[in-house]
Amino acid sequence: MHFELKHQDKNSQARAGKLVTDHGEIETPIFMPVGTVGSVKGIHQHEIENEINAQIILGNTYHLFLRPGTEVLEAAGGLHKFIDYKRPILTDSGGYQVYSMSGSRKITEEGVKFQSHVDGSYHFFTPERAIDIQRSIGADIIMAFDECTPYPCDYQYAKRSMKMTHRWLDRCFTQMNNTQPKYGYDQALFPIVQGSVYTDLRQESAKYIADTDSLGNAIGGLSVGEPAEELYAMTEVVTDILPKEKPRYLMGVGTPMNLLECIALGVDMFDCVMPTRNARHGMLFTSEGIINIKNKKWEKDFTPIDPNGTSSVDTVYTKAYLRHLIKTKESLGLQIASIHNLAFYLALMKEARKRIIDGSFKEWKNVMVKKMAQRL
Ligand code: PRF
């Protein structure tokens, strides 16, 4: 895998680049739809590629380990073959899901003991184990095993946790060096910066991670309930330190506005459940603002879902029909809304990239963040 920095914006830290993997190229900035258990909820792989035009999707080690399990994934020949998806995949390490999903958990220097949210069974993840499982899944980009601190988090806890995440990172790299990819293509390990909302800890963590010979880096521990100003401030502290020639991935972020602001701070990659989760509740993101399609005002609105939208559902179906489908909890409604939101996120990234290259990113971004925050 390698990354080519194609263009650096003159008026912000925004960059346009190209990430080359054995499963194809990714033009950055990019948004990665979340396919937790090997499916982007409600959307066929065919639509992921052709309607949404995603270049990379995300899977979760925690979920895939619990179901279907590594035995099935290995027998299938890896996740790509199992789900019949030929483009790049990234897996998160479980370092976040064991905290957000599982019942009880106990963190020690060795690793994390946790209880499955599926059947209550107990499991133990270590940095080595997280690498082994990600070898079995076979994603192109795999993540280091970390602790994502909650918000708020006191300084001493954040500091101890960050230091442990760094020691866990060393163990992840050692395990990478002691093992081989299982399916004949490369896997790149991305380390994760932690440090909560403390500038000195974020700087220390970013320096530690900048000194590794990783092919890309991630920023974790944000978008966990802190105000947006803190998200931006910490992102900027970290992107100032992380090497320019490697891609930067901001984990679990965020709203369309968050994405544009963080692109301006030098972030290249994003993932978030928001476009799909909010779609299931009838919330649509558009270039003119946010629509709650369940609202009565759309009951007899027979205009297209989004006349400016890039996916076919945007112009084929009306707002009134989508409202009806969501109100009656039809699975087709969730599907159409999810395709719309994901296509919107991907089109936004594509436009951002074009604007970075032609020099109009900053002005465009400032207009867009205002428009997209409106409620229609
Ligand atoms: N660590 C990991 N995955 C994550 C996060 C993190 O800190 C976040 C933070 N918002 C989302 N996903 N491993």
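Colleague: What is the make-up of the shell around the ligand by class?

Modeller: In this predicted model, the shell around the ligand has five nonpolar, five polar and two charged residues, with Tyr and Cys counted as nonpolar and Gly as polar. Residues are numbered from 1 along each chain, and local features need pLDDT of at least 70, side-chain atom pairs pLDDT 80 or more, while totals for chains, interfaces and linings use all residues. Side-chain values use heavy atoms, with hydrogens and water left out.

Colleague: Which residues are around the ligand?

Modeller: Around the ligand (a heavy atom within 4 Å) are Asp 92, Ser 93, Tyr 96, Asp 146, Cys 148, Ile 192, Gln 194, Gly 220, Gly 221, Leu 222, Met 251 and Gly 252.

Colleague: And how far is a ligand nitrogen atom from the side chain of Asp 92, or from that of Asp 146?

Modeller: For Asp 92, a nitrogen atom of the ligand is 2.6 Å from a side-chain N or O atom, and for Asp 146 the corresponding value is 2.7 Å; a polar contact is a pair of N or O atoms within 3.5 Å. Met 251 takes part through its backbone, where an N or O atom lies 3.2 Å from a nitrogen atom of the ligand.

Colleague: How much of the ligand's accessible area does the protein cover?

Modeller: On its own the ligand has 320 Å² of accessible area (Shrake-Rupley, 1.4 Å probe), and the protein covers 97% of that.

Colleague: Which pocket is the space taken by the ligand?

Modeller: That space is the largest pocket, a pocket being an open set of points on a 1 Å grid where a 1.4 Å probe fits, with protein on both sides within 12 Å along at least five of seven lines, and lining residues having an atom within 4 Å of a point. A molecule sits in a pocket if more than half of its atoms lie within 2 Å of its grid points.

Colleague: Switching to annotation, which residues does UniProt give as "active site"?

Modeller: The unreviewed UniProt entry gives Asp 92 and Asp 271, and such annotations may be inferred rather than shown by experiment. Although the two are spread over 180 residues of sequence, they cluster in space, with a largest C-alpha distance of 10.3 Å. Both Asp 92 and Asp 271 belong to the lining of the largest pocket.

Colleague: What about "binding site"?

Modeller: For that feature the unreviewed UniProt entry lists Asp 92, Ser 93, Gly 94, Gly 95, Tyr 96, Asp 146, Gln 194 and Gly 221. From this set, the lining of the largest pocket takes in Asp 92, Gly 95, Tyr 96, Asp 146, Gln 194 and Gly 221.

How values were computed. Polar contact = N/O pair within 3.5 Å; in protein donor to acceptor, adjacent residues only side chain to side chain.
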